[in-house]
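A reader new to this structure may wish to begin with its parts and then turn to its ligands. The questions below follow that order.

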Amino acid sequence: MPRRLTAFTPSGDLHLGNYFGAVAPLTERQTSSSDTVVFVSDLHALTLDHDPAEVRRRTLEFATLLLAAGVDPERCLFLVQSHVPEHTELHYLLECVAGYGQAQRMIQFKEKSRRLRQVRTSLLTYPILMAADILLYDADEVPVGADQRQHVELARDVADRFNTSYGAVFTVPRAVNPPIAGRIMDLADPARKMSKSVSAAGSLRLLDPPDVLRRKVMRAVTDGGTEVVYDPDGKPGIANLLTILAACTGAPPDLLAEKLDGYGDLKYAVADAVVAVTEPIRQRYEELSGDPDHVRELLRRGASVARGPARRKVDRVKEAIGLLPAVEDFGP
Ligand code: ADP
Ligand code: TRP
């Protein structure tokens with residue numbers, strides 16, 4: 001069984017795009033810690049300005065919400081990135097393999113750095129830490145939304161380059177995108193992707209109560225005309241609503257379109273479908289968040305299971321790349 005791995009950076013609010021883009025493809029098929037790895041990538045949250053207390057709070061919130069959304073620590077490896085120091089150790093070793101030019105060409109780096117007055121070095125090296133996250137666990141498949149594909153490509157290149165230069169140490173991963181909801185758009189601006197940090201009005205957050213979700217859907221920007229057709233170029237707003245409905249119900253968007261009579265009808269159907277997906281998650285979150293110690297204990301166990309194989313992997317990498325083992329590793 002190919003090993004799947006993904007992670008979530010604890011900034012902003014998890015939304016339906018994150019859920020269909022990365023959470024559901026993972027939870028749908030988790031069977032054991034050897035085939036599924038999911039973690040909260042708290043180190044990635046430090047690449048931008050942040051409030052330390054807020055990152056800590058969000059880390060626990062994200063972990064709790066992932067559990068509520070179906071991550072099962074009995075059937076996957078579930079942890080916080082910074083609890084396994086091998087992530088950062090491997091990050092440095094991979095910086096010695098990854099090209100500076102390639103990191104600079106990442107679209108997300110260009111977009112984010114353009115908006116900032118001061119760019120942290122870690123924003124540039126962010127995809128190399130992500131490569132370390134993936135390669136540390138020998139992941140075969142990385143479920144991510146369309147926006148993260150390029151970073152997974154970089155991880156592939158780094159793995160290839162390392163294997164060619166220093167011996168076959170890494171599994172070469174590939175991105176897997178959900179067939180229909182790899183890029184859910186913002187309801188208030190269908191030209192922009194739904195995002196954790198932007199637009200409260202256009203983002204369907206997993207923790208939004210039903211009345212808030214319904215209001216956001218009913219106010220979603222639509223297009224000219226009245227006919228419900230799936231046409232992402234000509235009718236991006238309607239196409240996005242149909243995509244959301246398709247992701248929630250499992251039916252293809254063009255078939256759904258045929259059965260709907262007008263934009264109002266479509267919006268009611270989307271609102272009902274979204275609430276049916278998110279409400280059980282929100283309720284489960286409410287229960288779980290009453291016992292944060294339990295969540296922290298699950299995270300502690302996950303990190304302790306991960307550390308053995310992670311240590312062995314990093315030791316192999318160190319040896320392959322040319323580092324002298326510490327004396328205690330020489331044996332008797
Ligand atoms: P955001 O861009 O909202 O801040 P992240 O970049 O932290 O979210 O994404 C977490 C995961 O969710 C990634 O795998 C990402 O590709 C996926 N994802 C993010 N936004 C969407 C979206 N609008 N549609 C589908 N998947 C998405
Ligand atoms: N960078 C990803 C994001 O913000 C999160 C992430 C960190 C990740 N490490 C990863 C995703 C490894 C997949 C695999 O969305």
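What follows is a set of questions and answers on the domains, the ligands and the salt bridges.

User: What kind of model is this, and how are its residues, chains and ligands numbered?
Analyst: This is a predicted model, in which local features need pLDDT of at least 70 and side-chain atom pairs count only at pLDDT 80 or more, while totals for chains, interfaces and linings use all residues. Side-chain values use heavy atoms, with hydrogens and water left out, chains are lettered from A and ligands numbered from 1 in the order in which they are written, and residues are numbered from 1 along each chain as its sequence is written.

User: Which residues of domain 1 lose the most area to domain 2?
Analyst: The size of an interface is often given as the accessible area lost when the parts come together. Buried area here is that loss, found with a 1.4 Å probe and summed over both parts, and for the two domains it is about 940 Å², 83% of it on carbon and sulfur atoms. On the side of domain 1, 49% of what is buried belongs together to the residues that lose the most, namely Leu16, Ala68 and Ile180.

User: How many salt bridges are counted between domain 1 and domain 2?
Analyst: A salt bridge is a side-chain nitrogen of Lys or Arg within 4 Å of a carboxyl oxygen of Asp or Glu. By this rule the whole count comes to 25 salt bridges, but between domain 1 and domain 2 the number is 0.

User: Which side chain has a polar atom 3.2 Å from an oxygen atom of ligand 2?
Analyst: Around ligand 2 there are 13 residues, the closest being Thr9, Tyr126, Met130, Asp133 and Gln148. A nitrogen atom of ligand 2 is 2.6 Å from an N or O atom in the side chain of Tyr126, and a distance of 2.6 Å is also found from a nitrogen atom of the ligand to the side chain of Asp133. The polar side-chain atom at 3.2 Å from an oxygen atom belongs to Gln148.

Conventions. A residue is near a molecule or strand if one of its heavy atoms lies within 4 Å of it. A polar contact is a pair of N or O atoms within 3.5 Å; within protein, one must be able to donate a hydrogen and the other to accept it, and residues adjacent in sequence count only if both atoms are side-chain atoms.
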